[in-house]
Amino acid sequence: MCMVIFAPIFAICAFATCGGYYGHLRVKVDCADSRQSNRSINIEFGYPFRLQQVHFKAPLCETEREEILFLDGDFSSAAQFFVTVGVITFLYSLLATVVYIFYQNKYLKNNRGPLVDFVVTFVFSLMWLVSSCCWAKALSDIKMATKPTKVLLLIPACSAQENKCTAAQEPHWSRLNTSVVFGFVNVVLWAGNIWFVFKETGWYKMGQRYPTRSTLGKREMRQQLYSESSFDLQEESFGAQPSKHNNSNQTKGDLGMQVYRQGSFNQSPVSHGLPQTYLGQPVIFDSKGEAL
């Protein structure tokens, strides 16, 4: 979402500060002849920085005539490439904003939208890097070509020692320096957005669906440890069941012994409670019934 908001803004700032630049410098030529004394020369240049087409008139101190001179260098290719990347990026950012907001379902359908967006984002980040580096180098060369001391070397009258040539005004470079900064800001912005667009593609989702070998190994090891621990618990539970059975048998045996003891205890009082008689010595009777 940050990409949708900031990408068009930084793209506009990049190509607007470069494409709308207008520079101005001024030098003065003071000839020894009073007829051409303290002559001011104004030189104007701007985008696309074809300096070889920028001309100015310089006085000839020997005569009252003037000659036409041109600056050196053609830096239009780097400047136009930088501006073109900014304009295309701005248009694509607007299109992407419309798609994200109103056509989200079609964007995610069949994974085509994220794949196209990923490729375009990667290409734009690369183009911003190349164009910013080229434009930074071209800007350094433009500064050298439009330096007033360098321009004075192009004027033949300044080569004579009796004539005096000075730099009156230098161009302001803050706007072009800002354009270079915005160019590299776009590089960081688009390069950082590659990861967020990649997360929307099927490649990232397939990597999440099918884990890596190390992840599989960890999961298999966890499952093996879990199965072994559960198997040990089952063995312990099965080994504990016979002890319960033995305990129940022992309990039944103890109950039987207790019942038997209670029965013996109950029978002993009965046996002790029977009447006891002492018979003594046997008595013998005769036929008449009398004791002998």
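Reader: Is Trp 173 buried or exposed?
Author: This is a predicted model, in which residues are numbered from 1 along each chain as its sequence is written. Local features need pLDDT of at least 70, side-chain atom pairs count only at pLDDT 80 or more, totals for chains, interfaces and linings use all residues, and side-chain values use heavy atoms, with hydrogens and water left out. Buried means under 20% relative accessible area, exposed over 50%, and partly exposed in between (1.4 Å probe, protein chains only). The relative accessible area of Trp 173 is 15%, so Trp 173 is buried.

Reader: How many aromatic pairs does the structure hold?
Author: Rings of Phe, Tyr and Trp (its six-membered ring) pair if their centres lie within 6.5 Å. Planes under 30 degrees apart count as stacked, over 60 as edge-to-face and the rest as tilted. On that basis, the number of aromatic pairs is 14.

Reader: What is the geometry of the pair Tyr 21 and Trp 173?
Author: The ring centres of Tyr 21 and Trp 173 are 6.1 Å apart. Their planes meet at 15 degrees, so the pair is stacked.

Reader: How far apart in sequence are the parts that this pair ties together?
Author: Helices (H or I, at least four residues) and strands (E, at least two) are DSSP runs, numbered from the N terminus. Tyr 21 lies in the loop between α1 (2-19) and β1. Trp 173 lies in the loop between β5 and α6 (174-198), so the parts tied together are apart in sequence by 152 residues.

Reader: Which class of pair do Phe 124 and Trp 190 form?
Author: Phe 124 is buried at 7% relative accessibility, and Trp 190 is buried at 1%. Phe 124 lies in α4 and Trp 190 in α6, so the pair ties together parts 66 residues apart in sequence. The centres are 5.2 Å apart and the planes 70 degrees, which makes the pair edge-to-face.

Reader: In β5, which residue is the bridge partner of Lys 28?
Author: Strand β1 (residues 22-30) and β5 pair in the antiparallel sense over five bridges. The bridge partner of Lys 28 is Thr 166.

Reader: Which residue in β4 does His 55 stand opposite?
Author: Strand β3 (residues 55-59) joins β4 by a hairpin through six residues. The two strands pair in the antiparallel sense over five bridges. Opposite His 55 stands Phe 70.

Reader: Which residues make up the covered face of β4?
Author: Strand β4 spans residues 66-70. Its uncovered face has Glu 66, Ile 68 and Phe 70. The covered face has Glu 67 and Leu 69.

Reader: Which helix gives the most to the lining of the second largest pocket?
Author: Both α2 (76-102) and α4 (112-145) supply at least two lining residues each. The helix that gives the most, with five residues, is α2.

Terms used. Two strands pair if DSSP finds at least two bridges between them.
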